[in-house]
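Let us walk through this structure, starting with one chain and ending where two chains touch.

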Amino acid sequence: MAEPLLKIAGADVFYGASQILFGVDFSVEKGQTMALLGRNGAGKSTTFKMIAGLAPPSRGEVRLAGETVSGKPPYRIARAGIGYVPEDRQVFPEHTVDDNLIVGAKKGPRGDAHWTTERIYEVFPILAGMKTRLAGRLSGGEQQMLTIARTLMGNPDVILLDEPSEGLAPIIVQAIADLIRRLRDMGVTIILAEQNMHFCLGIATHATVVDKGQIVYRATIEELRHNEEIKSRYLAV
Amino acid sequence: MNLEALASCLSTSACAVTQVSTALIIGMLLFMVASGLSLIFGVLGVINFAHGAFYMVGAYFAYAAYQATESFAVAFLAGALGVGLIGILFERFIMSRVYGKDVLMQLLVCYAAILIFDDLVKIIAGPEYKMMGMPEAFALPPLEFGGGFVPAYYVFMILASLAIGIGLWLAIEKTRLGKIVRALAINPPMVSALGINTTMLYAGVFGVGSLLAGIAGALAAPTRTLTPGMGLSILIESFIVTVIGGMGSIVGALIAALLIGFTRAFGAIGFPLFVDGLMFAMMALVLILKPSGLLGREPAR
């Protein structure tokens, strides 16, 4: 069997002297939408920072399409095809919507450029109506869409979405969910870090559960839906 | 105080035109130096105290290249590109090691660089004053503006700096690279996560900022006496300009530099003993009324 698109193998991450991740091990196949679930502080964001190169693993590795990317600087990991959308919607507030997208634009790892600003505005019609508005003036949900769109402009093979529903009104959360489903149906490979399991049930194809910096469960989203023990042990609020 | 002399100069067009042209060349040179300083501070968050030394090196490079080739174009390029290259090397090997350190550390490193550059100039070019003289290409009759005469080189200098300033502004505001540089000034880790080599970009921005100091030095060379240590006074005036105009604002630097240029040119006639005093007083006033400078951004909440 060919190697999965993204493979994290035995990764340890330390912040200073304290260990945050312990031998994290999971993989994502092309076209999957993987929910990375866990409570607040379980290690989801650190897992993403590790994959994106912002918190490199001291042991273990991250492989993308069979090639080791861990240990490279973040910009090389991004160019290799990993698109990272951080949790706190880091738009460039004094750039317009259009300029945010332009800063994110780059060719994909194989020189492909199927995401252009025109295509982004088709998929994100809300943003099309505010191209010249400063990103700092957008609502939280609009900023969330803009950060996703900006990362897509880099034509990544995998996108890492860190808590895209966090702090948004229910109706906006619904719009973000619709958007992610659309991207999934277009064949974009997605890892979705969430505390909110219900948000993921209708979106993800697979689930990985992290707790205290360790992976404790891997399955399809349907198996997780019916596994009351895992849900109550690791995910119940 | 001699306000009568000032009034009589303003009422004779010959004197007024001469002083306006003087104000403009002082202002535009200061704008070139200060906009480089401001660009480097705005993006990298460091103050390049060696910027005045870079201006001096630009003037000496232009002088040496002109002595060797008698071509002002070569002299200009030598000053500009030579100092741009020095800026990149200085950033890569020295300045990048003190990022995020105490500002005193940066000051110390730059002060050491100033002393080294001044001594190198003394060793290589000699401690005595140098005069480059007016380049062959500008040995033209002065141009007349409303009864006053302005040397052709002054007109060239003013237009060249204005064109470079406009080019710089367009590059930062309108090009993709400029948009990336502005994003880098705000959120470097995010820019890096979008696939952009921020280390290289920092070196490039430092290089462009230094290039501007080199251009100013090369443009000033035919009109100034060259001495080791000539960078100090322009460094201090550039600080006044960036404080008044606002750190990181190119348009602010232009307005403030012209303000200083006019203060110097007309103050020399009307209140020669209080020119420096007035410049510092204006800076103090701006610091009291709008600490971020005329066009500077208010600090983020």
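In chain B, 76% of the contacts with a separation of 6 or more join residues 24 or more positions apart. Keep in mind that this is a predicted model.

Now take the chain as a whole. Chain B has twelve helices and four strands. Its radius of gyration is 19 Å, close to the 19 Å that the globule rule gives for 301 residues, so chain B is as compact as a globular protein of that length. Along the principal axes, the C-alpha atoms of chain B fill a box of roughly 60 × 50 × 35 Å. Of the 301 residues in chain B, 48% are buried.

Next, look at one pair of helices. Two packed helices are described by the angle between their axes and the distance between the axes. Helix H1 of chain B spans residues 3-11, and helix H11 of chain B spans residues 250-270. Their axes come within 7 Å and cross at roughly 125 degrees. Which residues of H1(B) and H11(B) meet? From H1(B) come B:Leu3, B:Ala5, B:Leu6 and B:Cys9. From H11(B) come B:Phe266, B:Ile269 and B:Gly270. By class, this contact has six nonpolar residues, one polar and no charged.

Finally, turn to the other chain. Here 16 residues of chain B are in contact with 17 residues of chain A. On the chain B side, helix H7 (176-186) and helix H8 (188-193) each supply at least two residues. H7(B) gives the most, with six residues. By class, this side of chain B has eight nonpolar, five polar and three charged residues.

Key: Residues are numbered from 1 along each chain as its sequence is written. Chains are lettered from A and ligands numbered from 1 in the order in which they are written. This is a predicted model: local features need pLDDT of at least 70, side-chain atom pairs count only at pLDDT 80 or more; totals for chains, interfaces and linings use all residues. Two residues are in contact if their C-beta atoms, placed from the backbone, lie within 7 Å. Ala, Val, Leu, Ile, Met, Phe, Trp, Tyr, Cys and Pro count as nonpolar, Asp, Glu, Lys and Arg as charged, and the others, Gly among them, as polar. The radius of gyration is taken over C-alpha atoms; the globule rule is 2.2 Å times the number of residues to the power 0.38. A residue is buried if 20 or more other C-beta atoms lie within 10 Å of its own, exposed if 12 or fewer, and partly exposed in between; C-beta atoms are placed from the backbone. Axes are lines fitted to C-alpha atoms, for helices over the stretch in contact, and angles run from 0 to 180 degrees between N-to-C directions.
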